[in-house]
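Here are a few friendly notes to read alongside the structure. Take them one at a time, and keep the 3D view open as you go.

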Amino acid sequence: MAIKQLSVFLENRHGTLIEVTDLLAKEGIDIRAMSLADTQDFGILRLIVNDPEKAKASLAGIGFAATINEVTAVAIDDNPGALSGVIHVMADNDINIEYMYAFLSTHKGNAYVVLRVADNDTTAEVLEKN
């Protein structure tokens, strides 16, 4: 299923992540999943939150550049080999994964994977069939 992801451009300096998480907490925005990739000078913080539009506006208000884009979220069984099976299905259908990150759920037995792909709708169809 396609979901909205917030991507925040961060300067790689002491305290930047605290600024972001403190603001989201103050605004009552719940972080459901997070991934942080960095280089020496900057980073991209990717978030799944309960209100991406509010989060984007709040972050812009204190000077952070953020975008919202759609990604694919997949529920998988929380057991060895489940992720490999999803990746095989995607590879067999020529679906390229640009990046991904995973998180566990409070629902026993499930894990979730967030995938950035070129076509969320086609990916969802392929995964539902398999």
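1. Let's begin with contacts. Among the contacts in the protein chain with a separation of 6 or more, 65% join residues 24 or more positions apart. Please keep in mind that this is a predicted model.

2. Starting at the N terminus, their order is β-α-β-β-α-β-α-β-β-α.

3. Now for dimensions and surface. The C-alpha trace of the protein chain spans about 45 × 30 × 25 Å along its principal axes. The accessible surface of the chain is about 7800 Å², and carbon and sulfur atoms hold 50% of that surface. Of the 130 residues in the protein chain, 37% are buried.

4. Where does negative charge gather on the surface? Look for a patch made up of Glu 70, Asp 119, Asp 121, Glu 125 and Glu 128. Helix H4, which covers residues 120-129, supplies the largest share of this negative patch, with three residues.

5. Finally, pick out one member of the patch, Glu 128. This residue lies in helix H4. Is Glu 128 buried or exposed? Glu 128 counts as exposed because its relative accessibility is 68%, and the cut-off for exposed is over 50%.

Note on methods
Residues numbered from 1 in each chain as written. Predicted model: local features only at pLDDT ≥ 70, side-chain atom pairs only at ≥ 80, totals over all residues. Heavy atoms only, no water. Patch = residues over 30% accessible without salt bridge, like charges linked within 9 Å, V, L, I, M, F, W, Y side chains within 5 Å. Areas by Shrake-Rupley, 256 points an atom, 1.4 Å probe, with all protein chains shown as cover. Salt bridge = Lys/Arg side-chain N within 4 Å of Asp/Glu carboxyl O. Lys, Arg positive; Asp, Glu negative; His and termini not counted. Charge placed at Lys NZ, Arg CZ, Asp CG, Glu CD. Helix = DSSP H or I, 4+ residues; strand = E, 2+ residues; numbered from the N terminus. Buried < 20%, exposed > 50% of the residue type's maximum accessible area, 1.4 Å probe, protein only. Contact = heavy atoms within 4.5 Å.
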